[in-house]
Amino acid sequence: QVQLVESGGGLVQAGGSLRLSCAASGRTFSRSAMGWLRQVPGKEREFVAAIRWSGETYYEDSVKGRFTISRDNAKNTVYLQMDSLKPEDAAVYYCAGDGTYYSDSPPPKGPLEYDYWGQGTQVTVSS
């Protein structure tokens with residue numbers, strides 16, 4: 001079965017960096033969009049960043065210039081480099097995969113648009 005396994009979360013001071021990884025198995029995602037979304041208690045899961053099969057990237061406005069999404073198709077892995085972290089970035093970060101191959105559309109942003117999910121990794125930012 002398809003599995004997405006996130007790693008790299010943890011506690012960091014404001015201004016610091018973390019690199020999240022999402023390793024996929026059971027399906028090749030090199031031909032599909034992958035995304036990162038985050039969720040804090042009491043709020044809906046929100047879009048953070050996504051990368052199309054072509055390598056084109058998309059970001060939520062508040063993380064532009066600070067976060068970088070990338071993928072290593074040989075490893076079937078997607079990354080989220082998070083720099084200049086702020087306390088408001090603290091959340092559970094989820095990796096997600098789109099079930100569509102070679103989509104010409106922008107990648108999904110809403111949680112209901114993704115077909116595969118990881119279990120989430122906690123990111124805590126201290127001020």
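1. Salt bridges. Five salt bridges are present in this structure, which is a predicted model. Side chains of opposite charge can pair when their charged atoms come close. Arg38 pairs with Glu46, with 2.7 Å between the closest N and O atoms. Arg38 is also bridged by Asp89, where the closest N and O atoms are 3.1 Å apart. This second pair ties together distant parts of the chain, since Asp89 sits in the loop between β8 and β9 and Arg38 in strand β4, 51 residues apart.

2. The network and its setting. Through shared partners, salt bridges join Arg38, Glu46, Arg66 and Asp89 into one network. Arg38 has a relative accessibility of 6% and therefore counts as buried, the cut-off being under 20%. Asp89 is likewise buried, whereas Glu46 is partly exposed, at 36% relative accessible area.

3. A further salt bridge. Asp61 and Lys64 form a salt bridge whose closest N and O atoms are 3.1 Å apart. Asp61 counts as exposed, at 59% relative accessibility, while Lys64, at 49%, is partly exposed.

4. The largest nonpolar core. This core contains 25 residues, of which Trp36, Leu80, Met82 and Tyr93 touch the most other members. Two or more residues each are contributed by β3 (18-25), β4 (34-39), β5, β7 (67-72), β8 (77-82), β9 (91-97) and β11 (121-126). The largest share, four residues, is that of β3.

5. Beyond its neighbours within four places in sequence, Leu80 contacts a set of residues including Leu18, Leu20, Trp36, Val48, Phe67, Ile69 and Tyr93.

6. Strand β9. Six of the seven residues of β9 are buried. β9 pairs antiparallel with β4 over six bridges, and in this pairing Gln39 stands opposite Val92. Three bridges connect β9 to β11, again in the antiparallel sense; Ala91 faces Val123 there. With strand β10 (residues 116-117), β9 makes two bridges, also antiparallel, and Gly97 stands opposite Tyr116.

7. Nonpolar surface patch. Trp53, Tyr101 and Tyr102 make a nonpolar surface patch of about 320 Å². Trp53 is located in the loop between β5 (46-51) and β6 (57-59). With a relative accessible area of 30%, Trp53 is partly exposed.

Notes
Residues are numbered from 1 along each chain as its sequence is written. This is a predicted model: local features need pLDDT of at least 70, side-chain atom pairs count only at pLDDT 80 or more; totals for chains, interfaces and linings use all residues. Side-chain values use heavy atoms; hydrogens and water are left out. Patches are made of residues with over 30% relative accessible area and no salt bridge: like charges are joined within 9 Å, nonpolar side chains (Val, Leu, Ile, Met, Phe, Trp, Tyr) within 5 Å. Accessible areas come from the Shrake-Rupley method with a 1.4 Å probe; for residues, only the protein chains shown count as cover. A salt bridge is a side-chain nitrogen of Lys or Arg within 4 Å of a carboxyl oxygen of Asp or Glu. Buried means under 20% relative accessible area, exposed over 50%, partly exposed in between (1.4 Å probe, protein chains only). A nonpolar core is a set of buried Ala, Val, Leu, Ile, Met, Phe, Trp, Tyr and Cys residues joined through side-chain atoms within 4.5 Å. Contact means heavy atoms within 4.5 Å. Two strands pair if DSSP finds at least two bridges between them.
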